[in-house]
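Here are my notes on the contacts in this model, for you to check against the coordinates. I start with the chains and then turn to the domains.

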Amino acid sequence: MLRILLLGLLFGITLTMGEVISWFRIQEMFLFGSFHMYGVIGGAVALGVVFNLAARRYGWLSDTGQPLDIHQYEFG
Amino acid sequence: MLNMAPWPWYITGPVIAAVMVALLLFGRRFGISSNLRTMCSIAGAGKLSEYFRFDWKAQSWNLVFVLGTGGGGAIARFLLLTPGPVKLNPDTVETLKSMNIEDAGSAFAPSVLFGPEAWSNPLALLVMLLGGLLVGFGARWANGCTSGHAISGLSSLQWPSLIAVVGFFIGGLTVSYFVLPILLPAL
């Protein structure tokens with residue numbers, strides 16, 4: 001559980017240091033005033049896609065040997 | 001305290017991806033708003049609806065994650081980040097000032113909504129409360145929020161997530177261009 005807490009801390013620090021939680025940054029994004037938020041989201045998604053494709057291709061498992069818990073969203 | 005500069009997108013984005021990857025490798029998954037369901041279940045909402053009758057204890061790790069997220073935000077705010085305004089595009093500053101958001105470009109968040117004076121502004125309180133309700137409703141209706149759909153879902157190339165994210169964005173644009181110009185000056 002400690003590592004989950006530490007990951008949470010890293011996530012909170014990142015959102016704040018990257019100013020992603022600033023209402024102003026979000027507003028600037030919707031007014032197309034800056035690349036910042038698009039870079040943050042696009043960068044995270046691009047790297048996430050690379051990871052997911054590699055995980056699928058090479059059959060990567062979690063540390064307990066289980067398949068990765070990729071949630072399958074459904075149209076409902 | 002350490003007076004660090006804000007992180008650019010090319011650091012922030014990859015760290016967010018790393019957090020998502022680490023959670024998957026730890027046998028968990030990245031998604032914040034599922035905690036809303038967990039918290040309602042803990043509070044006893046299972047009496048009202050089948051939806052809340054699930055094994056929430058298996059999800060309690062995610063509450064620890066969110067607790068860490070809040071703590072991490074406080075650490076960054078009070079120990080790491082240089083106190084100062086978010087440096088915005090001057091055009092954005094002008095647009096927001098025309099809507100009576102005077103501290104655009106000189107604060108981290110608009111004080112009319114997030115500052116202590118919001119407590120004595122009934123309309124601001126109502127807007128925040130309504131906003132929270134809509135966020136909670138939308139996140140459950142779409143079965144995910146920005147973290148689940150935009151980061152986890154798009155990363156695993158899922159159509160429902162792409163549609164959800166397009167929906168988030170259309171919603172944000174609609175509010176930014178049609179609602180806020182009326183709402184913000186009234187605050």
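How many residues does the contact take from chain B, and how many from chain A? Chain B gives 77 residues and chain A gives 56 residues, with contact meaning heavy atoms within 4.5 Å.

Some bookkeeping before the points: this is a predicted model, where local features need pLDDT of at least 70, side-chain atom pairs count only at pLDDT 80 or more, and totals for chains, interfaces and linings use all residues. Residues are numbered from 1 along each chain as its sequence is written, chains are lettered from A and ligands numbered from 1 in the order in which they are written, and side-chain values use heavy atoms, with hydrogens and water left out.

1. Area between the chains. Chain B and chain A bury about 6,000 Å² between them, and 76% of that is on carbon and sulfur atoms. Buried area here is the accessible area (1.4 Å probe) that two parts lose on being put together, summed over both.

2. A:Asp69 and B:Arg29 form a salt bridge through their side chains, at 3.0 Å from N to O.

3. What chain B brings. The top contributor is α1(B), with 14 residues. By class, that side of chain B has 51 nonpolar, 21 polar and five charged residues; Ala, Val, Leu, Ile, Met, Phe, Trp, Tyr, Cys and Pro count as nonpolar, Asp, Glu, Lys and Arg as charged, and the others, Gly among them, as polar.

4. Domains of chain B. Chain B splits into domain 1 (1–83) and domain 2 (115–187), with bounds that come from an automatic or database domain assignment. Their centres, taken over C-alpha atoms, are 18 Å apart. Nine residues of domain 1 of chain B and 10 residues of domain 2 of chain B make the contact.

5. Area between the domains. Domain 1 of chain B and domain 2 of chain B bury about 720 Å² between them, 64% of it on carbon and sulfur atoms. On the domain 1 side, B:Met20, B:Phe30 and B:Ser33 supply 54% of the area buried against domain 2 of chain B, more than any other three residues. Salt bridges between these two domains number zero.

Key: Salt bridge = Lys/Arg side-chain N within 4 Å of Asp/Glu carboxyl O. Helix = DSSP H or I, 4+ residues; strand = E, 2+ residues; numbered from the N terminus.
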